[in-house]
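Me: I would like to learn how to read the features of a model like this one. Could we go through them in turn?

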Amino acid sequence: MALTADPDEDLVRRVGQGDPAAIQAMVARKLPRMLALAHRMLNDATEAEDVAQEAMLRAWKQAPRWTPGTAKFDTWLHRVGLNLCYDRLRKRREIATDSLPDRADDGPAPDRGLMAADTGARVEASLARLPDRQREAIVLCHYQELTNIEAAALMKISVDALESLLSRGRRALRLALADIRPGAEGA
């Protein structure tokens, strides 16, 4: 399998050389995607910010030692972000609490904007309840817009295995959100 040219190669080289403009460009280009990835995986804005910042710090530290041609920089950065998310998810499972988390109000929203926010919250909650690997596959393909081939490589699984995870994850989301009809907000 031939590795395609890395669009970030020059940027990473310049970051590794300490170019302030390149560092700003990398943060501007990569931080929003890392925030989105972490937020979808963790469903917590504060933790997502911490993960995204740590991923960017690791990218900055790794840049001087980056070897072009072994992997795409974006793929490596996503793997770093996912690993940081999994570290946080493991810590969550280890902490026992006496109280249950607050639940979102499932009642009808008074206007369209609130209904859309409620729908978004339900989608986020349903996504958070998926098994980790299914959530990871859906986040990478649907939210991070990676191709199936890129996502499978990142997850170190075959494309068939990725498609199976996507299929099971989508099916679980469809069941969890069956009462939401597309376009129902205006009804």
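Me: Not counting residues up to four places away in sequence, which residues does Leu162 touch?
Reply: This is a predicted model, and the contacts are computed from it. With those neighbours set aside, Leu162 touches Ala137, Cys141, Asn148, Ala151, Ala152, Met155 and Ile157.

Me: Which residues touch the most other members of the largest nonpolar core?
Reply: The general idea is that nonpolar side chains tend to be buried together in soluble globular proteins. Here the largest nonpolar core has 42 residues, and Met26, Leu140 and Leu162 touch the most other members. At least two residues of this core come from each of α1 (9-16), α2 (20-42), α3 (45-62), α4, α6, α7 and α8 (159-176). The element that gives the most is α4, with 8 residues.

Me: How many helices and how many strands does the chain have?
Reply: The chain has 8 helices and 0 strands. Read from the N terminus, the order of elements is α-α-α-α-α-α-α-α.

Me: What share of contacts joins residues at least 24 apart in sequence?
Reply: Take the contacts in the chain between residues at least 6 apart in sequence: 64% of them join residues at least 24 apart.

Me: How many aromatic pairs does a search of the whole structure find?
Reply: The search finds 3 aromatic pairs. One of them joins Trp66 and Phe73, edge-to-face, at 5.2 Å centre to centre with 85° between the planes. That pair counts as edge-to-face because its planes are 85° apart, and the cut-off for this class is over 60 degrees. Phe73 also pairs with Trp76; this pair is tilted, with 5.5 Å centre to centre and 35° between the planes.

Me: Where do Phe73 and Trp76 lie?
Reply: Both are in helix α4 (residues 73-94), 3 residues apart, which is about one turn of the helix. Ring pairs link Trp66, Phe73 and Trp76 into a cluster.

Me: Where is the place of Gln144?
Reply: Gln144 sits in the loop between α6 (132-143) and α7 (148-155).

Me: Is Gln144 buried or exposed?
Reply: Gln144 has 2% relative accessibility, so this residue counts as buried. The side chains of Gln144 and His78 are joined by a polar contact of 3.1 Å. Leaving aside neighbours within four places in sequence, Gln144 is in contact with Arg33, Ala36, Leu37, His78 and Val139.

Me: How many disulfides does the count come to?
Reply: A disulfide is a covalent bond between the sulfur atoms of two cysteines. In this model the count comes to 0 disulfides.

Me: Are Cys85 and Cys141 buried or exposed?
Reply: Cys85 is buried, with a relative accessible area of 0%. Cys141 is buried too, at 13%, and is among the residues that Leu162 touches.

Methods: Residues numbered from 1 in each chain as written. Predicted model: local features only at pLDDT ≥ 70, side-chain atom pairs only at ≥ 80, totals over all residues. Heavy atoms only, no water. Phe/Tyr/Trp six-rings, centres within 6.5 Å; stacked < 30°, edge-to-face > 60°. Helix = DSSP H or I, 4+ residues; strand = E, 2+ residues; numbered from the N terminus. Contact = heavy atoms within 4.5 Å. Buried < 20%, exposed > 50% of the residue type's maximum accessible area, 1.4 Å probe, protein only. Polar contact = N/O pair within 3.5 Å; in protein donor to acceptor, adjacent residues only side chain to side chain. Disulfide = S-S within 2.5 Å. Core = buried A, V, L, I, M, F, W, Y, C linked by side-chain atoms within 4.5 Å.
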